[in-house]
Amino acid sequence: MTFFGFGQSAELELVLSDAESRRRVEHKTEEGKKEKYFLFYDGETVSGRVVLTLKYPNKRLEHQGIKVEFIGQIELYYDRGNHHEFVSLVKDLARPGEFTQSQTFDFEFTHVEKPYESYTGQNVKLRYFLRATVSRRLNDVVKEMDIVVHTLSTYPELNSSIKMEVGIEDCLHIEFEYNKSKYHLKDVIVGKIYFLLVRIKIKHMEIDIIKRETTGTGPNVYHENDTIAKYEIMDGAPVRGESIPIRLFLAGYELTPTMRDINKKFSVRYYLNLVLIDEEERRYFKQQEVVLWRKGDIVRKSMSHQAAIASQRFEGTSSHSEAKTPSQPAENNGRQ
């Protein structure tokens, strides 16, 4: 086969110039497994070398050119034939000719723009990768290497608390409050639930973290809801005037930053879903969107200390709310 020019007569390897020192992180593959990849950020240079190894030394390898590409692309699973590239950089490493021995080619993509975070979801995948290609008349020799990109944010200037009411007229009226509307991925959600009126027998209450992935546009829009976490707030019947604290640590869950209209292809949003279940198994719920963001690695205090500070700040600013008189229940409450 190789004698007639078929088959692979050479191998390619991609090696990053800072492979020994660069951090690697776990990232979910399309099959649901976790693998480790080199981590990059927006604006960082991507450099390294392409190693071409001939399988049969001293035998000529004719080629139509060698190139290396840096690509960022979005793949929608229901439209696998089309890859939507938002970053595409190319460097030619060798002109058409022939090789009789193995070769190494250096490359550098300087200050590469990487605007979006790597993401593998239910219906969509956003990936960055290097691809080296030896162009040949019949069959190209190709090698790809995936990397992972994290997008970092600064602390939001406006981060107001969330305060809402949920109720069923003359039966149930509760007020709930979360200390912030924007949380970083290692944050602690601190809040409280205050029962203003309880005339139905509630036996269970929980908060769910729901991830909603939206893909496509127009008539081809797909929504996938995934419950990331279930946090039990209460087991048993509450009474009027009771206040229940909430403290939910996000660090233990697989979360990504909130993504809105990424390249006009998909969005990922997160919601806190408050669920009440009565003795007849009826479910009452109220959903509230929160924004998640990724902050850079800094020296962190312990999580318990972080939670204590958040709780003190929250209780200090919201203690006056417990003295409020009941108001009319919100009209947009849900009931399943």
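A residue is called buried if its relative accessible area is under 20%, exposed if it is over 50%, and partly exposed in between (1.4 Å probe, protein chains only). The views below come from a predicted model, in which local features need pLDDT of at least 70, side-chain atom pairs count only at pLDDT 80 or more, and totals for chains, interfaces and linings use all residues. Residues are numbered from 1 along each chain as its sequence is written, and side-chain values use heavy atoms, with hydrogens and water left out.

View 1. Look for Asn123 in the loop between β10 and β11 (124-134); strands (E, at least two residues) and helices (H or I, at least four) are DSSP runs, numbered from the N terminus. With a relative accessible area of 16%, Asn123 is buried. Contact means heavy atoms within 4.5 Å. Setting aside neighbours within four places in sequence, Asn123 touches Glu75, Leu76, Tyr77, Glu213, Thr215, Tyr222 and Glu224 by that test.

**View 2. Aromatic pairs.** Rings of Phe, Tyr and Trp (its six-membered ring) pair if their centres lie within 6.5 Å; planes under 30 degrees apart are stacked, over 60 edge-to-face, and the rest tilted. Searching the whole structure gives nine aromatic pairs. In one of them, Phe107 and Phe109 have ring centres 5.9 Å apart and planes at 55°, so this pair is tilted. Both Phe107 and Phe109 are buried. Phe176 and Tyr178 form another tilted pair, with 5.5 Å from centre to centre and 55° between the planes. Phe176 is buried at 1% relative accessibility, and Tyr178 is buried at 1% too. Ring pairs also join Phe70, Phe86, Phe107, Phe109, Tyr116 and Tyr128 into a cluster.

**View 3. Arginines over rings.** A charge sits over a ring if NZ of Lys or CZ of Arg is within 6 Å of the ring centre and within 35 degrees of the ring normal. Here the charged end of Arg22 sits over Phe40, 3.8 Å from the ring centre. Arg24 has its charged end over the ring of Phe38, 5.1 Å from the centre.

**View 4. Lining of the largest pocket.** A pocket is an open set of points on a 1 Å grid over the protein atoms alone where a 1.4 Å probe fits, with protein on both sides within 12 Å along at least five of seven lines; lining residues have an atom within 4 Å of a point. The largest pocket is lined by 42 residues, with Glu26, Glu254, Leu255, Thr256 and Arg294 nearest its centre. β2 gives the most to this lining, with four residues.
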